[in-house]
Amino acid sequence: MFLTVEGVEGSGKSTLLTALAVRLEARGTTVLRTREPGGCPLGARLRPLLLSADWTPDPNAELFLFLADRAQHVAEVIRPALAAGAHVLCDRYADSTIAYQGYGRGMDLEWLQRLNDCATGGLWPDLTLVLDLPAEAGLLRAARRNEAQGLSQTEGRFEAESLAFHERIRQGFLDRARRFPGRFRVLDAALPPPALADQAWAALRMGAH
Ligand code: TYD
């Protein structure tokens, strides 16, 4: 089972993933929790570059760095874990490229779909949870979190984009969910974390059987 969680900044993906991992492990399932960018050694080196607020990459360079991270991550981490029978829980994946580089930066959506197919060898999640939240509310949450963790300078490049950019991302995820209703579930990220975890758990149990 390959599950991804997507959403705007500050939508609560990590908290939800922790809750799901705890529930899965409690019923004896092997869980591999990972993230993009940064879920493999190459990605760990690319992540600071991709998120650093002190440069502005060319959009194509940015895209290909995310895709390089994904190709290596799929080959080295995700496929072997799935082959070993683990449930893979991934914080962001190919749909983030379509939302951010496509809806956000204006790159062609079909082209991005094909590039993701190339990078992943056609591996798409069994289930994708979109944590939906107005972009403004998410950015506020992310700013508080970054401040608490001292990340504003080192990981703030996307948070520093305009509100309109982040609203396009939100709409991008919602469009994707409408287009692929079999794979996506949209959840209300404004729910209290335990209620959100209950809804995600129900979606996962339906998606996993
Ligand atoms: P991350 O820390 O995962 O996001 P969050 O702050 O929501 O927890 O940061 C990853 C950033 O990279 C996020 O702003 C979205 C962006 N991104 C892309 O633009 N394209 C991609 O393909 C991926 C995976 C992420």
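At what angle do helix α3 and helix α5 pack, and how many Å apart are their axes? In this predicted model, α3 (residues 59-83) and α5 (residues 109-120) pack at about 35 degrees, and their axes sit 8 Å apart. The crossing of α3 and α5 is right-handed.

Now look at who touches whom. On the α3 side you'll find Asn60, Leu63, Phe64, Leu67, Arg70, Ala71, Val74 and Arg79, and these meet Trp111, Leu112, Leu115, Asn116, Ala119 and Thr120 of α5. Sorted by class, that contact comes to 9 nonpolar, 3 polar and 2 charged residues.

On to the ligand. It has 16 residues around it, with Glu9, Arg47, Arg92, Thr97 and Gln101 the closest. If you like distances, Thr97 puts a polar side-chain atom 2.5 Å from a ligand oxygen, and Glu9 has one 2.7 Å from an oxygen of the ligand. For Lys13, a side-chain N or O atom is 3.3 Å from a ligand oxygen. The ligand on its own would expose 540 Å², and the protein buries 95% of that.

As background, most residues other than glycine have a negative phi, and most peptide bonds are trans. Arg92, one of the closest residues to the ligand, has a positive phi, near 70 degrees. Arg92 belongs to the loop between β3 (87-91) and α4 (94-104). Meanwhile, the Glu36 to Pro37 peptide bond is cis, with omega near -5 degrees, and Pro37 is placed in the loop joining β2 (31-35) and α2 (41-51).

Note on methods
Residues are numbered from 1 along each chain as its sequence is written. This is a predicted model: local features need pLDDT of at least 70, side-chain atom pairs count only at pLDDT 80 or more; totals for chains, interfaces and linings use all residues. Side-chain values use heavy atoms; hydrogens and water are left out. Axes are lines fitted to C-alpha atoms, for helices over the stretch in contact, and angles run from 0 to 180 degrees between N-to-C directions. Helices (H or I, at least four residues) and strands (E, at least two) are DSSP runs, numbered from the N terminus. A crossing is left-handed if the near helix is turned anticlockwise from the far one by less than a right angle, and right-handed if clockwise. Contact means heavy atoms within 4.5 Å. Ala, Val, Leu, Ile, Met, Phe, Trp, Tyr, Cys and Pro count as nonpolar, Asp, Glu, Lys and Arg as charged, and the others, Gly among them, as polar. A residue is near a molecule or strand if one of its heavy atoms lies within 4 Å of it. A polar contact is a pair of N or O atoms within 3.5 Å; within protein, one must be able to donate a hydrogen and the other to accept it, and residues adjacent in sequence count only if both atoms are side-chain atoms. Accessible areas come from the Shrake-Rupley method with a 1.4 Å probe; for residues, only the protein chains shown count as cover.
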